[in-house]
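Subject: Structure handover

Hi,

Here is the structure for your files. My notes follow below it.

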Amino acid sequence: MLIKDLYKLIKECIWAGRYKRAVRKAKNLSALFNMTYFVILYRGKLEVIPKKNLKRLILQRKFKSGTTIQDIEKIALYVAK
């Protein structure tokens, strides 16, 4: 039981570090380029993607049919404006 808890704690710490790094990157890029950036889970990884590129990905049908930018904004982990 103790090994499983320790494994879970390490996994959560790694996730937290990756999340903090992605949020920091989104904030910096947003301030630098004056664009809206989203931190989302895309293809199983945390990705920092500008809103402009998300619109392009929706048009290229990289997401499920009927997905809108508002849907992605709702499920985004962080939005840097």
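N34 counts as exposed because its relative accessibility is 72%. The cut-offs are these: buried is under 20% relative accessible area, exposed is over 50%, and partly exposed is in between, with a 1.4 Å probe and protein chains only. N34 sits in the loop between α1 and β1. Its phi is positive, near 55 degrees, and N34 is not a glycine. Most residues other than glycine have a negative phi.

Some ground rules. This is a predicted model, where local features need pLDDT of at least 70, side-chain atom pairs count only at pLDDT 80 or more, and totals for chains, interfaces and linings use all residues. Residues are numbered from 1 along each chain as its sequence is written, and side-chain values use heavy atoms, with hydrogens and water left out. Helices (H or I, at least four residues) and strands (E, at least two) are DSSP runs, numbered from the N terminus.

**Strands**

Two strands count as paired if DSSP finds at least two bridges between them. β1 and β2 are antiparallel, with six bridges. Y42 has K45 as its bridge partner in β2. L41 stands opposite L46, also in β2. The β1–β2 hairpin has two residues between its strands. R43 is in that loop. Its phi is positive too, near 60 degrees, and R43 is a residue other than glycine. R43 counts as exposed because its relative accessibility is 71%.

β1 has a further partner. Strand β3 (residues 78–80) runs antiparallel to β1, and three bridges join them. V39 has Y78 as its bridge partner in β3. β1 is mostly covered, with five of its six residues buried.

**Cores**

A nonpolar core here is a set of buried Ala, Val, Leu, Ile, Met, Phe, Trp, Tyr and Cys residues joined through side-chain atoms within 4.5 Å. The largest one has nine residues: F38, I40, Y42, I49, L54, L57, I69, I72 and A76. β1 (37–42), α2 (51–59) and α3 (69–75) each give two or more residues to this core. The largest share is from β1, with three residues.

What does L54 touch, leaving aside its neighbours within four places in sequence? Its contacts are F38, I40, I49, F63, I69 and I72. Contact means heavy atoms within 4.5 Å.

**Pocket**

The largest pocket holds about 180 Å³ of space. The search used a 1 Å grid over the protein atoms alone. A pocket is an open set of points where a 1.4 Å probe fits, with protein on both sides within 12 Å along at least five of seven lines. Lining residues have an atom within 4 Å of a point. Grid points are joined across faces, edges and corners, and the volume is the space filled by probe spheres set on the points.

The lining of the largest pocket is W15, R18, R21, A22, K25, L41, G44, K45, L46, E47 and V48. α1 gives the most, with five. By class, the lining has five nonpolar, one polar and five charged residues. For these classes, Ala, Val, Leu, Ile, Met, Phe, Trp, Tyr, Cys and Pro count as nonpolar, Asp, Glu, Lys and Arg as charged, and the others, Gly among them, as polar.

K25, one of the lining residues, is in helix α1. K25 counts as partly exposed because its relative accessibility is 47%. K25 and Y37 are twelve residues apart along the chain, and their C-alpha atoms are separated by 9.3 Å.

**One more residue**

Is I75 buried or exposed? I75 counts as exposed because its relative accessibility is 65%. I75 lies in helix α3. I75 and E47 are 28 residues apart in sequence and 13 Å apart in space, C-alpha to C-alpha. E47 is also in the lining of the largest pocket.

Best wishes
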